[in-house]
Amino acid sequence: MAKIALIETKPSRIDYVDRFDGAFEFDRYALCSDGTKKKVLKKDVDIDINIDAYEWIILIGSESLKYFTSVNSITEYSGRCVDDKFLPAINPAMLAFKPEAKPLWEKTKSNISKYIEGTLKLETLDTDKCYGIQDTKILNKFLVDAIKHPNKYVAVDTETTGLYPRDGYVLGISMSYEKDHGAYIDTNIITEDEEILFQKLFNEKIVVFHNAKFDLAMLEYHFGFKFPNFEDTMLLHYCLEEKPGTHGLKQLAMEYTPYGDYEKPMHDWIDGYRKTHRILKNDFAWDVIPFDVMKIYAAMDAVVTLLVFEKLYPAVLGNPKLIKVYNNILVPACRFLTDVQDIGVPFDSERLSNGTTLMQEDIDEAVRQLYEFDSVKTFERIKQKEFNPNSTVQLRELLFDFVGLKPTGKKTGTGAHSTDAEVLGKLAEKHEIPKHILAIRKKSKIKNTYLDKILPQLDRDGRLRTGFNIHSTTSGRLSSSGKMNMQQIPRDNPIVKGCIRAKEGNKIVAMDLTTAEVYVAAVLAKDESLMNVFKSGGNFHSSIAKLVFNLPGTVEEVTEYYSTERQAAKAVTFGIMYGAGARKISEQVTKDSGKYFSQNQAQEVIDDYFKEFHKLRAWIDHSSKFIRDNGFIYSHFGRKRRLPNVRSDNKGVASHEVRSGLNFLVQSIASDINLLGAVDTHSWIKQNKFDKDMRIFALVHDSILAEVKEDKIEEYSEAVQKFVQIDRGISIPGCPVGCDFDIGDDYSFGKYEKKYGL
């Protein structure tokens with residue numbers, strides 16, 4: 001019988017014999033014998049164990065895993081064998097407040113038992129089946145064999161020196177067309193003859209990528225290859241599990257293939273190289289890895305991609321809703337966003353340079369004004385040193401000891417009073433100093449995050465190529481990452497938007513959906529009263545206020561004379577999508593209107609609102625019940641939102657999960673309407689060969705941004721509105737979703753010039 005040890009972070013009352021169903025016996029240890037410590041640090045470890053005396057060691061929690069292995073992520077490795085001996089497991093105590101982790105625990109428990117029984121083993125890499133190709137004749141034969149092979153799928157992956165096509169080149173191409181067989185091809189041996197064979201292969205087979213958007217961009221840019229038919233295992237997994245951070249190839253290989261963390265030896269080599277040559281992680285270049293070190297693991301990328309595809313594709317295909325999302329939204333969006341990223345965001349380099357100076361002047365002036373406050377002068381006189389607004393310790397002293405503000409109750413990890421943005425925002429309602437410091441922080445962030453970093457990253461054509469992601473949110477909304485996060489461009493200050501500027505003879509055209517989420521809710525609820533508000537036109541929130549409060553006069557007069565009622569109606573309209581109650585509505589209206597609005601008043605508005613729009617109330621109640629009963633819900637377009645925390649014993653957690661589901665129902669649909677409209681517009685542009693005249697370069701929230709020649713603006717605007725307003729089964733008859741247009745020389749649409757001049 002195998003000798004087994006179980007190591008937890010510190011002594012607990014958890015009955016691990018029961019947790020593992022008494023499947024095996026084990027000796028129990030703790031990293032730290034002091035069970036009173038909140039957090040166990042390396043210095044606190046006092047475990048006395050001879051690990052060589054045990055065949056298997058179960059590591060409970062991240063601290064144990066990090067201490068005994070070079071692995072960090074407990075959720076990623078839970079139930080997986082590490083270094084032939086260690087069996088990591090999430091702490092089962094977390095199931096009490098994270099019910100969504102139950103499937104992972106069950107899988108972990110099962111795998112650990114199978115490892116110990118000997119019925120689960122990791123496959124070793126077969127170097128005869130996974131190899132490198134550095135000879136043109138061998139490559140030629142490999143491609144001919146791949147074309148002739150009966151498998152209609154071929155997995156393809158790339159190893160590159162950069163994350164963007166213009167920043168690097170392709171080191172090698174990995175391919176697998178036969179199960180458990182793969183090759184890594186050195187691109188230096190590819191001649192024109194092999195390029196023809198590659199293209200023939202891509203024409204005749206369905207190419208399987210993992211994160212197609214990356215590999216498509218690299219192979220199209222550097223080789224000019226075309227891919228008529230492709231699949232994407234990352235997007236397939238996103239259909240089956242929308243949780244961000246779960247779609248990596250390594251994670252899927254560990255979940256769906258017998259090869260485990262096959263890349264670990266290569267990454268161990270990289271770590272050793274970095275340590276020897278004193279190279280920081282972000283400075284490491286992949287082209288220093290010898291071909292013989294890279295070849296097997298690179299080939300395995302293609303092998304496991306094909307294996308993962310064989311598991312995931314049938315699962316998605318078996319669900320009519322999910323396969324519709326995959327084929328009709330995700331794959332076309334992948335193709336579209338590959339083009340959008342290549343088009344790039346147009347920047348004015350001169351404005352960026354000037355903007356850096358202007359923003360620094362703003363920051364310097366704000367800091368100068370800060371030092372004029374009496375409390376700051378008093379602080380400096382008593383402390384006999386200059387106040388440093390970047391010091392959290394000094395800021396805490398200034399706000400709570402010298403200004404005399406009452407702490408909000410929010411604490412840092414060390415138990416000290418927090419001075420983060422949320423806290424400063426609340427304190428700013430009571431005193432000018434936190435408001436001033438918050439403004440300095442915001443301006444500094446704009447300068448450091450955007451203005452300072454964008455200019456050096458511009459390509460020679462003055463455009464910035466950054467990333468847009470379709471797999472990074474639970475709602476299905478796009479996210480942005482890479483050189484610049486386009487979804488987080490500052491709204492309050494026009495300086496960054498003003499630097500996004502069309503070249504001469506062109507304009508920036510922004511199409512925004514109008515009140516799209518409420519529009520979607522009205523259709524889903526089949527609420528005639530709410531749909532009639534859209535049909536009537538005019539100011540939407542004033543129309544709602546007129547109905548709910550039974551106000552006299554016209555809608556325009558409501559806007560002018562009943563601002564508090566309008567703000568209340570607006571707060572309820574948006575708040576109901578997020579489950580806001582009377583307290584939240586009271587706070588929001590008070591903040592927006594500048595007049596105190598009590599919770600009783602807020603509750604009366606909510607009650608009156610749902611009397612007017614009773615079908616909306618019924619839809620919310622019905623959807624909430626479905627979510628609570630089932631733990632998931634589908635959107636109109638077929639996206640699935642899994643909501644396991646509705647079964648949490650914590651009522652707050654369960655309620656939040658229901659609200660997330662309701663938000664998903666409207667937010668995902670509004671986002672998909674915008675995305676599909678952009679995809680169709682882009683296809684129309686390409687079909688009509690308008691590529692030089694109009695180019696969509698970004699999707700930001702519910703906006704489509706394009707750079708359009710001045711004589712094509714009307715034609716483009718009509719096209720994008722037509723495609724966005726196509727009836728996709730979620731429209732009000734005779735009243736399509738609203739589209740607002742802004743047109744200008746830059747993305748600030750005049751606000752930059754107004755604030756900073758030309």
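The protein chain is built from 29 helices and 20 strands. This is a predicted model, and everything below should be read with that in mind. The radius of gyration of the protein chain is 29 Å, close to the 27 Å that the globule rule gives for 758 residues, so the chain is as compact as a globular protein of that length. Laid along its principal axes, the C-alpha trace spans about 80 × 70 × 60 Å.

Out of 758 residues in the protein chain, 52% count as buried. Among contacts with a separation of 6 or more, 65% come from residues 24 or more positions apart.

On to the aromatic side chains. A pair of aromatic rings is described by how far apart the centres are and by the angle of the planes. Counted with a cut-off of 6.5 Å between ring centres, the model holds 31 aromatic pairs. One of them brings together tryptophan 56 and tyrosine 115: the ring centres are 6.0 Å apart and the planes meet at 45°, so this pair goes down as tilted. It also ties together distant parts of the chain, with tryptophan 56 sitting in strand S3 (residues 56-60) and tyrosine 115 in helix H4 (residues 102-117), 59 residues apart. Both tryptophan 56 and tyrosine 115 are buried.

Phenylalanine 626 and phenylalanine 632 make another pair, this time with centres 5.8 Å apart and planes at 90°, so the arrangement is edge-to-face. Buried means under 20% relative accessible area and exposed means over 50%. Phenylalanine 626 has a relative accessibility of 32%, so it counts as partly exposed. Phenylalanine 632, at 23%, also counts as partly exposed.

Elsewhere, the rings gather into a group: Phe198, Phe202, Phe209, Phe223, Phe225, Phe227 and Phe230 form one aromatic cluster.

Charged side chains turn up over aromatic rings as well. Lysine 497 lies over the face of tyrosine 747, 4.6 Å from the ring centre. Arginine 617 is placed over the face of phenylalanine 610, with 4.4 Å to the ring centre.

Technical notes: Residues are numbered from 1 along each chain as its sequence is written. Side-chain values use heavy atoms; hydrogens and water are left out. Rings of Phe, Tyr and Trp (its six-membered ring) pair if their centres lie within 6.5 Å; planes under 30 degrees apart count as stacked, over 60 as edge-to-face and the rest as tilted. Helices (H or I, at least four residues) and strands (E, at least two) are DSSP runs, numbered from the N terminus. Buried means under 20% relative accessible area, exposed over 50%, partly exposed in between (1.4 Å probe, protein chains only). A charge sits over a ring if NZ of Lys or CZ of Arg is within 6 Å of the ring centre and within 35 degrees of the ring normal. The radius of gyration is taken over C-alpha atoms; the globule rule is 2.2 Å times the number of residues to the power 0.38. Contact means heavy atoms within 4.5 Å.
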